[in-house]
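Reader: Could you walk me through this one? I would like to go through the domains, the ligand and the helix packing in turn.
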Amino acid sequence: MKARLFVIPASHPSIAVELMLKHKGIDYKRTDLLPVISKGVLRAAGFPGVTVPALKVDGDKVQGSRPIAHELDRLRPEPPLLPADPDQRAAVEEAERFGDEELQHPIRQILWWGMKKDHSPLRGYSEGARIGMPIGLAVKTAAPIVALSARFNEASDENARRALEKLPALLDKVDAYVKSGVVNGERPNAADFQIAPSIGLAMTLDDLRPLIEARPAGDLARRFVPNYPGKMPPIIPPEWMAPLRGEPAAA
Ligand SMILES: N[C@@H](CCC(=O)N[C@@H](CS)C(=O)NCC(=O)O)C(=O)O
């Protein structure tokens, strides 16, 4: 099987698909792309959409972490990403949907909001990436890319604050998936690979890590992404953190 995966370094759904490929033992080549520039490259490569992860496999093109998971199971059924038992499969698919549609984006918005305030953590998030230029230069010239990415992801103050307000309920839901064994069970599944990188990315923020690491969600991230690249020093205003600490949000 010939596989090439297009990623943005430290992108959580991209890391999800890398974990899936490794789980299945599928050899792949990786193309690292800078955000924003990624869109043109993906279009030029013939993908219909403009987001990573995007996978070329045996001539076919699949885009999006969930469609890729399902295609990988079709192409190489063992070890499966989705359980054969219909009830278990439905539970994993629902957790996978939650991870993709509800969990990924608020965390992405918080990250781009933070990056807009301080570009310097970009270096850590790009660790090990091969983007066709020295990382130091990329970081120095990143301002327009960060501004466009923040705009593309609607990472305004208001939306970042709203994303933080959503986080406690999202973490509760991940904890519940862990406790009920839908994720973090004996046999890793598509929902493990989908959800763990989002939690791992959230834990790269110094503001958020202490609120997550002792929870079942933290166990999940430590198991699947123990070395998530990047680290963002404290940046979130204390009053925005109130809902995460169980305190009422200030007006
Ligand atoms: N839910 C989609 C999300 C895809 C997505 O939004 N990817 C981001 C990176 S995490 C992207 O490609 N952004 C384009 C950019 O930043 O220029 C999936 O799981 O594949």
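Author: Let me begin with a term: the domain bounds used here come from an automatic or database domain assignment. The model is a predicted one, in which local features need pLDDT of at least 70 and side-chain atom pairs count only at pLDDT 80 or more, while totals for chains, interfaces and linings use all residues. Residues are numbered from 1 along each chain as its sequence is written.

Reader: OK, which domains is the protein chain divided into?
Author: The division gives domain 1 (3–75) and domain 2 (86–245), and their centres, taken over C-alpha atoms, are separated by 19 Å. Their contact takes 16 residues from domain 1 and 24 residues from domain 2, where two residues are in contact if their C-beta atoms, placed from the backbone, lie within 7 Å.

Reader: And which elements give two or more residues to the domain 1 side?
Author: Those are H1 and helix H3 (65–75), with H1 giving the largest share, seven residues. Helices here (H or I, at least four residues) and strands (E, at least two) are DSSP runs, numbered from the N terminus. The domain 1 side that touches domain 2 divides into eleven nonpolar, three polar and two charged residues, counting Ala, Val, Leu, Ile, Met, Phe, Trp, Tyr, Cys and Pro as nonpolar, Asp, Glu, Lys and Arg as charged, and the others, Gly among them, as polar.

Reader: Switching to the ligand, which residues come nearest?
Author: Of the 18 residues around the ligand, the nearest are Ser 11, Pro 13, Pro 35, Thr 51 and Ser 65; a residue is near a molecule or strand if its C-beta atom, placed from the backbone, lies within 6 Å of it. Domain 1 and domain 2 each contribute at least three residues to this shell.

Reader: Which helices supply that shell, and what is its make-up?
Author: At least two residues each come from helix H1 (12–24), helix H2 (37–44), helix H4 (86–117) and helix H7 (143–152), and H4 provides the largest share, three residues. By type, the shell has seven nonpolar, eight polar and three charged residues.

Reader: Now helix packing: at what angle do H1 and H9 cross?
Author: The axes of H1 and helix H9 (residues 190–202) cross at roughly 135° and come within 8 Å. Axes are lines fitted to C-alpha atoms, for helices over the stretch in contact, and angles run from 0 to 180 degrees between N-to-C directions. That angle makes H1 oblique to H9, since angles under 35 degrees count as roughly parallel, over 145 as roughly antiparallel, 65 to 115 as roughly perpendicular and the rest as oblique. Among the contact residues are His 12 and Ile 15 of H1 and Phe 193 and Gln 194 of H9, and the contact divides into seven nonpolar, four polar and no charged residues.

Reader: Is H4 roughly parallel or roughly perpendicular to H9?
Author: The axes of H4 and H9 come within 9 Å and cross at roughly 20°, which makes H4 roughly parallel to H9. Their contact includes Val 92 and Ala 95 of H4 and Ala 190 and Ala 191 of H9, and its residues divide into ten nonpolar, four polar and two charged.

Reader: What about H9 and H11, how far apart are their axes?
Author: H9 and helix H11 (residues 216–224) have axes 8 Å apart and pack at an angle of about 105°, so H9 is roughly perpendicular to H11. The residues in contact include Asp 192 and Phe 193 of H9, together with Ala 217 and Leu 220 of H11.
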